[in-house]
Amino acid sequence: MRIGPLLAATGALGISAIGYGLLEANSFTLRRVDVPILPEGAPSIRVLHMSDIHLMPYQRHKLEWLAGLAALEPDLVVNTGDNMGSPDSMDPLISAWGRLLDRPGVFIFGSNDYFAPRFKNPLNYLTRSGKLTREPHRELPWRDLRDRMTRRGWIDLTHRRAQLQLAGSTIELRGTDDAHIDRDNYQRVAGPGATEADLCIGVTHAPYLRILDAMTADGLDLILAGHTHGGQVCAPGFGALVTNCDLETARAKGLSWHQFDGRRTHLHVSAGVGASPFVPLRVACRPEATLLTLTAAN
């Protein structure tokens with residue numbers, strides 16, 4: 001084959017791949033997962049897990065899809081961070097959540113709640129964890145976002161514990177700040193769960209092993225995290241190539257077990273709703289939120 005036709009064919013293939021990635025990045029999906037962890041005889045609890053929205057205000061289709069999640073009427077909403085892509089994203093985001101903010105909810109933040117995203121070479125993720133070597137300089141209005149969420153009743157779990165009564169069960173939750181930018185301090189919430197709690201849940205943005213290990217050692221029943229984007233650009237039939245943290249790629253998204261020091265706990269990692277505005281593509285990894293139905297253990 002001559003060089004000209006070869007280059008043309010390669011270019012056409014590249015354009016097709018980018019087009020597919022853009023299409024899949026807007027193929028929003030609701031996952032449904034059952035987690036048998038409640039005491040025998042306890043009514044089920046429906047938990048909507050949202051993460052990594054990375055909203056830009058012009059993303060109308062994403063906003064419409066988010067607004068439709070309120071119809072699920074979950075018992076609890078858990079938001080694991082990276083909500084905004086720009087300072088102008090906050091008002092559209094709050095509007096899209098709508099009636100979800102009237103449901104019981106908890107949240108923690110990720111790096112892209114504190115700081116606006118900046119361009120990074122995507123190839124870096126294949127050779128290292130993608131960890132920030134310094135914080136970006138452009139701060140997002142995260143304090144305003146936090147205040148608007150808490151005014152509507154959602155609980156900020158950043159290095160805090162909280163208890164909720166849901167469907168007759170006492171649920172204890174604890175959270176950490178983002179380990180990806182070294183803001184985590186699990187010792188502030190460490191220790192066994194409250195004796196009166198029927199279920200203990202840990203919430204964090206980036207599922208670094210130091211957080212997962214500590215929560216598992218404390219006997220938590222379930223850990224919820226985001227950050228990985230499920231790998232974002234995955235190999236069909238193989239899965240994630242990277243996780244952007246030290247979690248292995250086999251657990252880049254979905255429900256799995258985490259084991260440490262002779263104990264194990266359920267781990268759910270959300271593949272997230274969005275992506276960086278600089279790489280707005282997804283391949284073999286559709287954007288998602290997950291409705292977890294917590295049921296009585298078998």
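In strand E4, Gly105 is the bridge partner of Val77. This pairing belongs to a predicted model, in which the protein has six helices and twelve strands. Of its 298 residues, 53% count as buried.

- E3 runs parallel to strand E4 (residues 105-107), and three bridges join them.
- E2, H2 and E3 together make a right-handed β-α-β unit.

**Nonpolar cores**

- The largest nonpolar core has 34 residues, and those touching the most other members are Met50, Leu66, Leu69, Trp97, Leu100 and Trp154.
- At least two residues of this core come from each of strand E2 (45-50), helix H2 (60-68), helix H3 (90-97), helix H5 (142-151) and strand E12 (288-296).
- With five residues, H3 gives the most to this core.
- Leu100 touches Leu48, Met50, Leu69, Ala70, Pro74, Val77 and Trp154, when residues up to four places away in sequence are not counted.
- Another core, of 23 residues, lies apart from the largest one and has Val35, Leu173, Ile201 and Leu222 among its members.
- In soluble globular proteins, nonpolar side chains tend to be buried together.

**Helix H3**

- H3 is largely enclosed by the rest of the structure, because six of its eight residues are buried.
- The buried residues are Met90, Pro92, Leu93, Ile94, Ala96 and Trp97.
- These buried residues of H3 pack against E2, H2, E3 and H5.
- Just after H3, Gly98 takes a positive phi of about 50°.

- Strand E11 (residues 263-269) is mostly covered, with five of its seven residues buried.
- Strand E9 (residues 222-225) runs parallel to E11 and is joined to it by four bridges.
- Strand E10 (residues 254-260) runs antiparallel to E11 and is joined to it by seven bridges.
- His266 of E11 is the bridge partner of Leu222 and also of Trp257.
- Two residues lie between the strands in the hairpin of E10 and E11, where Asp261 takes a positive phi near 55°.
- Leu222 is also among the members of the 23-residue core.

**His205**

- His205 sits in the loop between strand E8 (199-203) and helix H6 (209-217).
- His205 has a relative accessible area of 0%, so it counts as buried.
- A polar atom of the His205 side chain lies 2.6 Å from the backbone oxygen of Thr80.
- The side chains of His205 and His227 make a polar contact at 3.3 Å.
- Leaving aside neighbours within four places in sequence, the residues in contact with His205 are Asp52, Thr80, Gly81, Asp82, Ile108, Phe109, Gly110, Asp178, Ala225, Gly226 and His227.

**Gly272**

- Gly272 is placed in the loop between E11 and E12.
- Gly272 counts as buried because its relative accessibility is 0%.
- The C-alpha atoms of Gly272 and His229 are separated by 5.2 Å, although the two residues are 43 residues apart along the chain.
- Apart from neighbours within four places in sequence, Gly272 is in contact with Ser51, Asp52, Arg282, Pro287 and Glu288.
- Asp52 is therefore in contact with Gly272, which is buried at 0% relative accessibility, and is also one of the residues in contact with His205.

**Whole protein**

- Among contacts between residues at least 6 apart in sequence, 75% join residues at least 24 apart.
- The protein exposes about 13200 Å², of which carbon and sulfur atoms supply 53%.

Definitions and conventions
Residues are numbered from 1 along each chain as its sequence is written. This is a predicted model: local features need pLDDT of at least 70, side-chain atom pairs count only at pLDDT 80 or more; totals for chains, interfaces and linings use all residues. Side-chain values use heavy atoms; hydrogens and water are left out. Buried means under 20% relative accessible area, exposed over 50%, partly exposed in between (1.4 Å probe, protein chains only). Two strands pair if DSSP finds at least two bridges between them. Contact means heavy atoms within 4.5 Å. Accessible areas come from the Shrake-Rupley method with a 1.4 Å probe; for residues, only the protein chains shown count as cover. A nonpolar core is a set of buried Ala, Val, Leu, Ile, Met, Phe, Trp, Tyr and Cys residues joined through side-chain atoms within 4.5 Å. A polar contact is a pair of N or O atoms within 3.5 Å; within protein, one must be able to donate a hydrogen and the other to accept it, and residues adjacent in sequence count only if both atoms are side-chain atoms. A crossover is right-handed if, with the strands pointing away from the viewer, the path from the first strand over the helix to the second runs clockwise.
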